[in-house]
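Please open the structure in your viewer and keep the selection panel at hand. The tour below goes from one selection to the next and says what is there at each stop.

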Amino acid sequence: MPEMIFDQLDTAQFGDKRLTKRFVRIMERVSEKPNMSIPAAMKGRAEMEGAYRFCDNPKVSPEAIRSPHVAATYERIRQTDVVVLVQDTTQLDVTRPRQQVRESGPLEFKTRFGAFVHPLIAFDTNGIPLGETWNKTWVRKSIETQVPRSEKRDRRMATPIEDKESFRWLEGLRAAREVAKVCPDTQCICVGDSEADIYELFAEPRNTGEGQELQLLVRACHDNRVLSNHPQNLVETLRASSSLLSCSVKVSRRTPKVKANKRKRTLERDARVAAVEIRTATVTLRPPHRPDRKLLEATLNVVLVEEPSPPEGQQPIQWILLTTLPIDNLEQVQLIVKYYGIRWQIEVYFKTLKSGCRIEERYFEEMDRLLNCVAVYSIVAWKILYLCRLSQQCPDLDCEVVFEPCEWKPVYMVTHNNVLPQSPPTLNEMVRMIASLGGYVMRPKTQPGSQTLWLGLQRLHDLSQAWNSFGPEASARMPRGGDQLCNDGPSRGSDRGRGRV
């Protein structure tokens, strides 16, 4: 099990062993204090300056930083039967009040600056994140705000898909196809939200050439697309079929990021339990016109999850899921809905990266340095989300699979105000104790979230340091002939060389 948790960070290749050693040390420090500034996370001025020089070194790149994590992710994927590969886009808003980050670009407005990050993250069928397999980052050179909407539409239709930002979805699909090729014994399912509803995505080859085929699952955005074998549009065709299942789903509360945004899928809503009906159909989509190529028809299975009677004033829940997965029986349909539900975990990952690791608040003068920092903290964000999900799915796992005795013992003493137990607590108990240090109120039927966990991890590190220095086992590390404690931080044992994250 430790191989499922630790990445071999010392295998990173920067062309200089000193950089690799520094990288491992940086990862240890920021993992201990993910929400603190870099100067606060490092130990002393030398480590702080070393961290900033690392991000500024021309030999360092986001790909090199992520490479050992990606390699370990592939190994975790090979140990699962089914993996859900979720791709999505988030903005990094690094707008500054005065001098802007050099090489940053405009976001949706000319007054906001930053970059875009589009990762492909692997999850198992329980929603446990296995890690990142691919990542694309880009900066817009400019945006047009004075061009009429009709002219924008005409330009968009005449532009090849390779020259559009939406090409990232095809690149993500190709990266997922590479995962399926390298992991032939694992069924790989590439999942995207409604932004991925691009016809070229459905026309893209999914065969790996190794006897394995990548499966596709995308939430439809266009319900008025033309069908080749039905006179109605997509939703009408689905509603004409009989309901396979009526069930209830939990709907989370949603607050729009931009008040002026009136799109239905981003409107404000209250948390509630929605009664939905599920219908299915197999349809053939007629390809849209493209000036530079001829697209072929695509036959897909469709699953409609719809709320027939929403509360007054609330938009009905409606998922139109386009997929290559089979829909021959109810169990297969339920799996499709479950797989798409896992997509929400990438939103939690983005929240952890931005709010927990505070990546948008890292002050760098140049964008390439910031993106190196983003690559470092993306691994930390994965670790936090991994601990949350693993503690829920494997609650009885021994906590020493993840935590050292010098970590769980002081946390237990502080949270229970009692003597230590004979055996280590379970992983779920340990994660709940850590989260309680970050503000989580322990209740029998609730689980902590990533926010309280990343706050608690910082206090865990402080308690572990105090335990090593002043705890009952500190005397065992007392040097002979001296009275100064030998304290190099929590003992990592054999994990120090591997870079515990």
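Which residues does lysine 409 touch, not counting residues up to four places away in sequence? Select lysine 409 and you will find that it touches Leu420, Trp467 and Glu473, where a contact means heavy atoms within 4.5 Å. Lysine 409 lies in helix α12, residues 405-416, and at 17% relative accessibility it counts as buried; buried means under 20% relative accessible area, exposed means over 50%, and partly exposed is in between, with a 1.4 Å probe and protein chains only.

Before moving on, please note that this is a predicted model, in which local features need pLDDT of at least 70 and side-chain atom pairs count only at pLDDT 80 or more, while totals for chains, interfaces and linings use all residues. Residues are numbered from 1 along each chain as its sequence is written, and side-chain values use heavy atoms, with hydrogens and water left out.

**The whole chain**

Now show the whole chain coloured by secondary structure, which comes to 14 helices and 11 strands; helices (H or I, at least four residues) and strands (E, at least two) are DSSP runs, numbered from the N terminus. Of the 501 residues of the chain, 51% count as buried, and among contacts between residues at least 6 apart in sequence, 68% join residues at least 24 apart.

**Helices α13 and α14**

Select residues 427-437, which are helix α13, together with residues 450-470, which are helix α14: the two pack at an angle of about 90°, with their axes 6 Å apart. Axes are lines fitted to C-alpha atoms, for helices over the stretch in contact, and angles run from 0 to 180 degrees between N-to-C directions. α13 and α14 are therefore roughly perpendicular to each other, a term for angles of 65 to 115 degrees, whereas those under 35 count as roughly parallel, those over 145 as roughly antiparallel and the rest as oblique. On the α13 side the contact is made by Met430, Val431, Ile434, Ala435 and Leu437, and on the α14 side the residues include Leu453, Gly456, Leu457 and Arg459. By class, this contact has nine nonpolar, two polar and one charged residues; Ala, Val, Leu, Ile, Met, Phe, Trp, Tyr, Cys and Pro count as nonpolar, Asp, Glu, Lys and Arg as charged, and the others, Gly among them, as polar.

**Helices α3 and α11**

Next, select residues 44-56 for helix α3 and residues 367-393 for helix α11, whose axes come within 8 Å and cross at roughly 110°. That makes α3 roughly perpendicular to α11. Phe54, Cys55 and Asp56 of α3 make the contact with Arg369, Asn372, Cys373 and Val376 of α11, and by class there are four nonpolar, one polar and two charged residues in it.

Isoleucine 26 is buried, with a relative accessible area of 7%, and, residues up to four places away in sequence not being counted, it touches Met42, Ala51, Phe54 and Val376. If you draw a distance from the C-alpha atom of isoleucine 26 to that of methionine 48, 22 residues apart along the chain, it comes to 9.1 Å.

**Salt bridges**

Which residue forms a salt bridge with arginine 66? Select glutamate 132, and the closest N and O atoms of this pair are 2.7 Å apart; a salt bridge is a side-chain nitrogen of Lys or Arg within 4 Å of a carboxyl oxygen of Asp or Glu. The pair links distant parts of the chain, with arginine 66 in helix α4 (residues 62-78) and glutamate 132 in strand β5 (residues 129-138), 66 residues apart, and both residues are buried.

Select aspartate 16 and arginine 18 next, where the side chains meet in a salt bridge of 2.9 Å, N to O. Aspartate 16 counts as buried at 19% relative accessibility, whereas arginine 18, at 65%, counts as exposed.

**Two loop residues**

Finally, select glutamate 103, which has a positive phi of about 75° although it is not a glycine. Glutamate 103 sits in the loop between β2 (90-93) and β3 (105-106) and is exposed, with a relative accessible area of 54%. Arginine 358, in the loop between α10 (344-356) and α11, has a positive phi of about 50° and counts as partly exposed at 29% relative accessibility.
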